[in-house]
Amino acid sequence: MKKTETRLLLFCCLSLMLMACSSDDPEIPTDSEEPDVVTIEKQKVNLNADDYKHQFIGGGVSIGLFLGHHYSMNETAQDEALQLLTKECNMKYFQDYIEIYPEDDPAYFDRRANYVKAAKEYQPNLEFSLVGNKFPRDLMREIVVDGETLLVLDTEDPAIYDRLAFWFFKLFEGFKERGVSVEILNVVNEPDLDRTFRKYHYGLDGNTKEAVARVFKYAVPKFKEMLNDPLINTLGMEIPLIMGPSTISPNGCIDYIQFFKNEHPDVWDGIDIVAMHQYENGANIQLFNSILNEAEGKPIYQSETHALKGDAVGFVTAPDPLKAALSLSNLFSTAVNNGVSSWFYFENNYPNEFHPGGLLHIPWAAQQPKPYKHYYAFRQLTSTQPESSNIITYQTRSTRESDIIAFRKSGQDTIYFNYSNYDVNPKEVSIVVNNTGKKIKGYSITTTDENDNGALIETQTFQAAKDTLTFEANRYSVNTLKITITD
């Protein structure tokens with residue numbers, strides 16, 4: 001064979017080899033197209049099944065802003081919306097914000113009372129809370145602050161707190177006449193909000209803490225006097241629990257508690273439920289521990305918040321609907337693990353295609369309500385376990401990429417374990433029931449993640465009880481495990 005023929009043959013062979021290894025073949029990636037290697041992190045959790053902390057009573061939700069949108073649907077859709085909030089959830093409280101007298105708009109009170117009564121068809125133990133900070137016009141006066149005209153409580157009127165107590169009474173009476181009792185008076189709302197209109201809202205020329213204290217000190221006792229007088233309280237309304245200060249943040253709650261204790265101990269004595277929101281510093285565990293220490297055994301509620309505020313998951317890059325579900329889990333787990341007994345979401349429904357403020361998407365004249373993705377996280381966390389289950393303790397290594405909260409109804413053979421994975425990668429989670437001699441008989445997993453919305457994705461019953469349960473938490477997921485254990 002001639003040298004030129006040999007060279008040609010070698011060239012053809014080399015060309016065929018290069019073609020065989022080209023990047024057009026999907027089974028042989030080039031160096032620049034190597035597949036990503038996903039590292040599955042492992043985490044072990046030791047559950048202390050018999051180490052009971054406080055009880056979680058149940059969830060709550062405000063019904064204030066878009067109730068008209070609910071009534072714009074047909075009756076079948078209205079019923080479906082109420083079932084999503086009550087039958088499908090362990091909804092313990094509805095809360096409303098009203099700034100008129102019943103005689104100002106009787107139909108308005110009719111609609112709201114009917115909404116509560118319809119909800120009680122599915123959740124008979126549902127309780128009703130009224131927020132008392134949106135004062136009617138006749139209790140307010142105009143002031144000008146830095147060129148801005150504001151309406152504030154008229155504390156220059158010497159009878160203002162008697163008149164405020166009368167308005168509280170009329171609110172309660174308006175609902176009682178329509179067949180709805182009110183169990184909680186949430187006296188004020190976010191007095192620590194750093195905005196001019198809120199600073200001056202309670203009167204006394206912006207001396208907010210003192211002004212708020214006087215509402216508790218003078219208006220609330222007068223309101224109770226009216227309820228205790230059968231000549232005035234002809235409907236037999238009961239004295240509600242008094243909740244406050246319902247600050248925008250847990251650190252604001254601490255400030256107000258300490259002010260009440262130091263300056264007005266009778267105000268502190270008159271508060272039955274300590275409350276705060278989580279719009280600011282809502283993921284700060286130390287603040288909740290401080291509230292627990294300051295509360296002196298009084299129940300602690302988170303009386304209003306919504307997702308994507310005050311959490312610690314800002315590093316998550318998931319789409320907004322999924323991130324809202326993760327945010328909700330972070331806020332809930334922080335609060336309820338550290339002393340909160342009931343956790344209220346901001347609103348029942350919103351008209352927006354996506355909005356973290358509401359649980360249900362209900363545009364005007366909707367054909368049916370559509371739960372937002374974070375609704376499913378709310379349902380998993382608040383409502384999988386029985387009402388008034390205890391939070392139990394656990395041990396695991398600390399990580400910002402996950403949240404854990406676990407419940408057990410005292411004496412029952414089931415643990416409700418919630419694990420939220422905020423990592424871009426899945427996690428392998430191993431669960432051991434600690435120091436009790438108990439073993440795991442079986443489990444089920446419900447998940448909200450990129451693909452699923454509160455879906456039951458796995459159920460297993462073991463032939464022989466096991467010491468350890470291992471499952472994989474998908475990336476960006478809220479997982480609720482119902483774990484049955486041996487006695």
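Here is the tour, stop by stop.

**Before you click**

This is a predicted model, where local features need pLDDT of at least 70 and side-chain atom pairs count only at pLDDT 80 or more, while totals for chains, interfaces and linings use all residues. Residues are numbered from 1 along each chain as its sequence is written, and side-chain values use heavy atoms, with hydrogens and water left out. Helix and strand labels are DSSP runs numbered from the N terminus (helices: H or I, at least four residues; strands: E, at least two).

**Stop 1: strand E11**

Select residues 340–345, which make up strand E11. Are they buried or exposed? Of its 6 residues, 6 are buried (buried means under 20% relative accessible area, exposed over 50%, partly exposed in between, with a 1.4 Å probe and protein chains only).

Look for Gly59 opposite Trp343. Next, show strand E10, residues 300–304, which is parallel to E11 and joined to it by 3 bridges. Here Ile300 has Val340 as its bridge partner.

Colour helix H11 (residues 320–337) too: E10, H11 and E11 together make a right-handed β-α-β unit. Right-handed means that, with the strands pointing away from you, the path from the first strand over the helix to the second runs clockwise.

**Stop 2**

**Stop 3: the open sheet of 9 strands**

Which order do the strands follow here? It is E20-E19-E22-E17-E16-E15-E1-E18-E21, with mixed pairing. E20 (455–466) and E21 (468–473) stand at the edges with a single partner strand each, so one side of each has no neighbour in the sheet. From one strand to the next, the twist averages 25° (axes are lines fitted to C-alpha atoms, for helices over the stretch in contact, and angles run from 0 to 180 degrees between N-to-C directions).

Zoom in on E19 (residues 440–448), which pairs with E20 in the antiparallel sense over 7 bridges. Gly442 has Thr461 in E20 as its bridge partner. Bring back H11: it packs on this sheet, touching E1, E15, E16, E17, E19 and E22, at about 55° to E16 (contact means heavy atoms within 4.5 Å). Helix H12 (residues 373–383) packs on the sheet too, with its direction making about 155° with that of E19.

**Stop 4**

Most residues other than glycine have a negative phi, and most peptide bonds are trans. Go to Gly244 and Pro245: the peptide bond between them is cis, with omega near 5°. Pro245 is in strand E8 (residues 241–247).

Then pick Leu204, where phi is near 55°, in the loop between helices H6 (196–199) and H7 (208–228). Leu204 is partly exposed, at 23% relative accessible area. Last, select Asn281, which has a positive phi of about 55° and is partly exposed at 39%.

Technical notes:
Two strands pair if DSSP finds at least two bridges between them.
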